[in-house]
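Good morning, colleagues, and thank you for making time for this presentation. I shall take you through several regions of one structure, and I ask you to keep the display in view as I speak.

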Amino acid sequence: MSNSRNWFKPVPAERRRRLAASQRRGILIERDGRELINFASNDYLGLSAHPDVCQAAIEEIKRNGLGSGASRLISGDDPLLHRLESELAAWKGFEACLVVGSGMLANIGLLQTLAGRHAHLFADRLNHASLVDGARLSGAKFSRFEHLDYAQLESLLQKSTAEQRIIVSDGIFSMDGDAADLSTLIKLCEQHDALLLIDDAHGAGTVGERGKGLTDLAGIAGHERLIEMGTLGKSFGCYGAFILSTAEMIEGLKQRMRTLIYSTALPAALPAAALAALQLIRQGDAIQQLQNNLTLFKQETSALSLMPSDTPIQPLLIGSDADALKVAAALADNGLFVPAIRPPTVPEGTSRLRITLSAAHAEAQIRQLADALRRLV
Ligand SMILES: *Cc1c(COP(=O)(O)O)cnc(C)c1O
């Protein structure tokens, strides 16, 4: 007999996920009655609590209310979405931009739209789940290459007889903090007549000149084979996502992308806030502070074998699920919130602490974390 109480197989204790009500107060977070320093947020620049960002959203809500009421293609297409799109395109160095509801919706919709039965997708094994799901939904042929193994990617490309090819990769990898080699990937695209889809959710605002991201750093922004996706929920401290490419590509997506067409538009308070965040990112102080914090953290933890990463994602490999949970619990006893990331989010046997740094951390808080890690790991 099946009902809603016994539908799912029980999840073993060390794999169980828990939604714990978490009250954020700036860089602090209250969970289970304890106030901890938050090293588990992608709000890398601390902009989610910046007065300019919050005020922009509040003003917009006071002027025009909250919900957008409909899809962008019906009546939800606020002028602020268009302003944000032109500013993002100019800042990132692309012809055109399309703002959508979230990164998950962007990636699922993109791959569903770009790739049909005649396409062949080539994906890094550690790509974000949204790219995996989009690939499944597309119905395209799907090959995965080992993480950053571009020799293997090249041999897969050579064997492909599909009409269309798309290489799909995270820019900065969300659970590892390392980066794809975008100049190599774009060269492979040119040699094998392929498109390149880069999800740089973690790179915008954190790497490149004044946070322009990985495609700027690699000098490939605006390339005609490139589609870049980024989110407003991380460095921007808001919510939502954006897609960048040529004007023709963006127009094609507007005509066909189901997660754009059949989903309610973002409330205009979000592009209002994101425009304020973009101004702060371009101005550069927050990124400088983030870089200073990263340098300090690396100095203080040089004795530990952190995974190689020059980004604010600084994972510490632990191995077993149980050990990772044990260290995370001990850190919480020391007033520090660092989550244990376990399979299936990461491969078996690579459970880790995923430490994320923010411009909002004070020096003393970073030293406190480094001291605790040296004692506990
Ligand atoms: C966070 C993230 C997403 C999803 O973005 P949301 O706006 O949170 O839905 C997609 N890709 C990567 C690499 C991410 O880190």
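**A covered strand and its partners**

Let me begin with strand S9, residues 226–231, which is mostly covered, six of its six residues being buried. Please bear in mind throughout that this is a predicted model. Both faces of S9 are covered.

Strand S9 has a parallel pairing with strand S8, residues 194–199, through four bridges. Within that pairing, Asp 199 has Met 229 of S9 as its bridge partner. Four bridges also join S9 to strand S10, residues 241–245, and here the strands run antiparallel. In this case Gly 230 is bridged to Phe 242 of S10.

I turn now to another sheet. Four strands form an open sheet of mixed pairing, in the order S1-S2-S3-S12. Strand S1 (22–25) and strand S12 (336–337) are at the edges with a single partner strand each, so one side of each has no neighbour in the sheet. The partner strand S2, residues 28–31, pairs with S1 in the antiparallel sense over four bridges. One of the residue pairs is Gln 23 with Glu 30 of S2.

Next, consider helix H12, residues 321–333. At 1.5 Å a residue, its 13 residues should span 18 Å, and the end C-alpha atoms are 19 Å apart, which agrees. Which residues of H12 are buried? They are Asp 321, Ala 324, Val 327, Ala 328, Ala 330, Leu 331 and Ala 332. The elements covering them include strands S3, S11, S12, S13 and S14, together with helix H13. After H12 comes Gly 335, which has a positive phi, near 85°.

We come to a pair of helices. Helix H2, residues 79–92, packs against helix H10, residues 269–283, at an angle of about 25°, and their axes are 9 Å apart. That angle makes H2 roughly parallel to H10, and the crossing is left-handed. Residues making the contact include Leu 84, Leu 88 and Trp 91 of H2, and Leu 275, Leu 278 and Ile 281 of H10.

Finally, I draw your attention to Lys 159, found in helix H5, residues 150–159. Is Lys 159 buried or exposed? Its relative accessible area is 64%, so Lys 159 is exposed. The C-alpha atoms of Lys 159 and Ala 21 are separated by 49 Å, and these residues lie 138 residues apart along the chain.

Technical notes. Residues numbered from 1 in each chain as written. Predicted model: local features only at pLDDT ≥ 70, side-chain atom pairs only at ≥ 80, totals over all residues. Heavy atoms only, no water. Pairing = 2+ DSSP bridges. Helix = DSSP H or I, 4+ residues; strand = E, 2+ residues; numbered from the N terminus. Expected span 1.5 Å × (residues − 1). Buried < 20%, exposed > 50% of the residue type's maximum accessible area, 1.4 Å probe, protein only. Contact = heavy atoms within 4.5 Å. Axes fitted to C-alpha atoms, helices over the stretch in contact; angles between N-to-C directions. Parallel < 35°, antiparallel > 145°, perpendicular 65-115°, else oblique. Left-handed = near helix turned anticlockwise from the far one by under 90°.
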